[in-house]
Amino acid sequence: MIEAATETMTSHRYSLLFECFQIGSLCLIWYSSSAAGNVIVKELLEVFPFPLTVTLAQLLSIWILCVPLMQIWKVPSPEYLHQNRIYYFKVIVPLAIGKFLAQLSSHVSLWKVPVSYSHTIKATMPLFTVVLARLILREKQTSTIYLTLIPIVVGVVVASVTELSFNMTGLISALLSTFGFSLQNIYSKKSLKDIAIHHFVLLSLLAKLGFCLFMPFWFIFDGYTIYYNEKFHEYKAMLHAIFFLTVDGVLSFIHNVVAFTFISLVSPLSYSIANSTKRIVVISVSLFILQNPVTITNVIGMSIAAIGVMFYNKAKYNQRCAQHKEAILPLVRSEPNLTPLKHDDLSSSHTASELIARHHGLLLESRPSNDSYENQTFKDA
């Protein structure tokens, strides 16, 4: 018996170590792909200023690479969506459009401002999420959550005022990107709660629809400009752009797949903290590699915004726990009192003859009368 208990504890320890190793490996891949992707996009947009082309290349890479991934993973096809095509127009198409526009705005912000400043602006996502959840879902937040938004706003304002490479187009694009991703999260929560679909299938659908819907706009804007720009007709420049677009597309695919997998393994609080840590890693790596000029006040503003996001995640988790307890407690309070009556209490309140008479009366009342059956047919009975 002792040996069995020892084996159980050993197996539990090994499973816990494997889970920690798995989550740590995913975080490492997630942070590395995100930081490398942001740095490559920034360097690419400096010599190839076409954010629409970069966005479409990422969506095309995700769409192509998701096909063998779903075959290897043996992901079932979304039968519900095939049976009900209206959800393509009601849910999937708006999500694809929102994802494309948010991703395009993100690339415009990376084109106009440094990576560190762009990700500092994106730290305002909790602010947009709270406002949109209030307007769309009618969700009320606790006062603690509203207070945690103050350091986020203060940090972003300080970082914006002290940013040496400030650009209004980059600021507005980063805010639009953050608003788009927040709206996409809210809309997914509102519309996709009844749709059973694998996250890899959803990722592939959004990438496919986004690419097909906005590819005609590429011929009008970027395609026309690239065709008549002799700078990009050179073999070396064209090969350089195609190489970096391909690498960025693969990194974007890895980033999205790891992010979806990480969500399915950890709690929402752990994912939010990991996402905040990823933003700090991206900012630090971009400052180290790209050598963007920053001031001490600028770094302080970024730090205040990041700390505010962590406090917001903790307050949001506490609110969910409190709502869960409130949902359980009424059920506990409404349980009937099943305490058995003692024989002394029963005999003191009623005499034996009264109890016997009541017992026989209940039996007689519970018996079906013959008259009720006489007036019914066999089918009715």
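Mentor: A helix here is a DSSP run of H or I with at least four residues, and helices are numbered from the N terminus. The model is predicted.

Trainee: In which loop does K74 lie?

Mentor: Helix α2 covers residues 51-73 and helix α3 covers 79-83.

Trainee: Is K74 buried or exposed?

Mentor: The phi of K74 is near 55°, a positive value in a residue that is not glycine. Most residues other than glycine have a negative phi. For accessibility, the cut-off for exposed is over 50% relative accessible area. K74 has 74%, so it counts as exposed.

Trainee: What is the relative accessible area of Q291?

Mentor: Q291 is not a glycine, yet its phi is positive, about 55°. This residue sits in the loop between α11 (268-290) and α12 (296-333). Q291 counts as exposed because its relative accessible area is 57%.

Trainee: Which side chain meets E46 in a salt bridge?

Mentor: The structure holds 1 salt bridge. Its N to O distance is 3.4 Å, and the cut-off is within 4 Å. Both residues lie in helix α1 (residues 2-47), 4 residues apart, about one turn of the helix. The partner of E46 is K42.

Trainee: Is K42 buried or exposed?

Mentor: E46 has 49% relative accessibility, so it counts as partly exposed. Buried means under 20%. K42 has 10%, so it counts as buried.

Trainee: At what angle do α6 and α7 pack?

Mentor: Two packed helices are described by the angle between their axes and the distance between the axes. For α6 (residues 125-136) and α7 (residues 143-161), the axes are 9 Å apart. The crossing is left-handed. The angle is about 140°.

Trainee: What share of the residues of the protein chain counts as buried?

Mentor: The chain has 15 helices and 0 strands. It exposes about 23200 Å², and carbon and sulfur atoms supply 67% of that area. Of its 381 residues, the buried share is 38%.

Trainee: Among contacts between residues at least 6 apart in sequence, what share joins residues at least 24 apart?

Mentor: A contact requires heavy atoms within 4.5 Å. Among the contacts in question, the share that joins residues at least 24 apart is 88%.

Key: Residues numbered from 1 in each chain as written. Predicted model: local features only at pLDDT ≥ 70, side-chain atom pairs only at ≥ 80, totals over all residues. Heavy atoms only, no water. Axes fitted to C-alpha atoms, helices over the stretch in contact; angles between N-to-C directions. Helix = DSSP H or I, 4+ residues; strand = E, 2+ residues; numbered from the N terminus. Left-handed = near helix turned anticlockwise from the far one by under 90°. Buried < 20%, exposed > 50% of the residue type's maximum accessible area, 1.4 Å probe, protein only. Areas by Shrake-Rupley, 256 points an atom, 1.4 Å probe, with all protein chains shown as cover.
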